[in-house]
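Hello,

Here is the structure I promised to pass on.

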Amino acid sequence: YLLNQQYMRLLSFQTLRRKLLQLNSTYPLKLEGGMRKSKFPLQIGVKLGYSPYVAANDQSIKYKGELLGNFPGMVKDLRNTPILKAFPDASSAGRLIDCIWFSEDNTAMPFVMEIEHSTGVDSGIGRMDIFRKKAPKLAGMHWVIVADDAQRNFVFSHSKKEKRDGMKMWYLPYSHVEELYSLINRYDIQEVGDKFFEAFMEQIP
């Protein structure tokens, strides 16, 4: 089975996902705690062509002996990102958000994510909402809750309850993070666009 770039173009993103479900048992991955927070931005975000930021209190996580915030391609300080320089309150409000993916040229901020390990999602939604109100209004932004598959119904019910006006929210289960990680480690997948990552998520109505 060879998935090259030409074959990828023939597959819809959802079809690709279904094929990954069949392949994933070959490269099993269980990301836990700090490991999830390190693999997610480094091995997925950077590889897909984004410049990820991780929460200030997570930048001291070590990955392969190096501080997470010091890796090439990572955004270390929101105040230094061109897109937020004119919005100092946004930089302050976003510093503890788990993960923000900027476009490589810093003209877009397509994915803002909270990675939930416990049963609570309200605080993460609240952080994103405060950041949203202070950040520039950009097209194509996704507000994402990343959580265990077993928490899907909980995430949906609480996201609907806490949903802020105009906040387009999405759910990304851990199993799909694992699929992405497996895909990127098997094939040279990079810079495929926002729609590719969106195919692994589910929009919360």
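The accessible surface of the protein is about 9,900 Å², with 51% of that belonging to carbon and sulfur atoms (Shrake-Rupley method, 1.4 Å probe; for residues, only the protein chains shown count as cover). Please note that this is a predicted model, where local features need pLDDT of at least 70 and side-chain atom pairs count only at pLDDT 80 or more, while totals for chains, interfaces and linings use all residues. Residues are numbered from 1 along each chain as its sequence is written, and side-chain values use heavy atoms, leaving out hydrogens and water.

Of the 205 residues, 52% count as buried (under 20% relative accessible area; exposed is over 50%, partly exposed in between, with a 1.4 Å probe and protein chains only). The secondary structure comes to eight helices and eight strands (DSSP runs numbered from the N terminus: helices are H or I with at least four residues, strands E with at least two).

Now the charged pairs: the whole structure holds six salt bridges (a side-chain nitrogen of Lys or Arg within 4 Å of a carboxyl oxygen of Asp or Glu). In one of them, Arg127 meets Glu114 at 3.0 Å, N to O. Arg127 lies in helix H5 and Glu114 in strand E5, so the pair ties together parts 13 residues apart in sequence. Arg127 is partly exposed at 29% relative accessibility, whereas Glu114 is buried at 0%.

Also in H5, Arg132 and Asp129 are three residues apart, about one helical turn. Their side chains form a salt bridge at 2.8 Å, N to O, and both residues are buried. A salt-bridge network links Asp129, Arg132 and Lys133.

Best wishes
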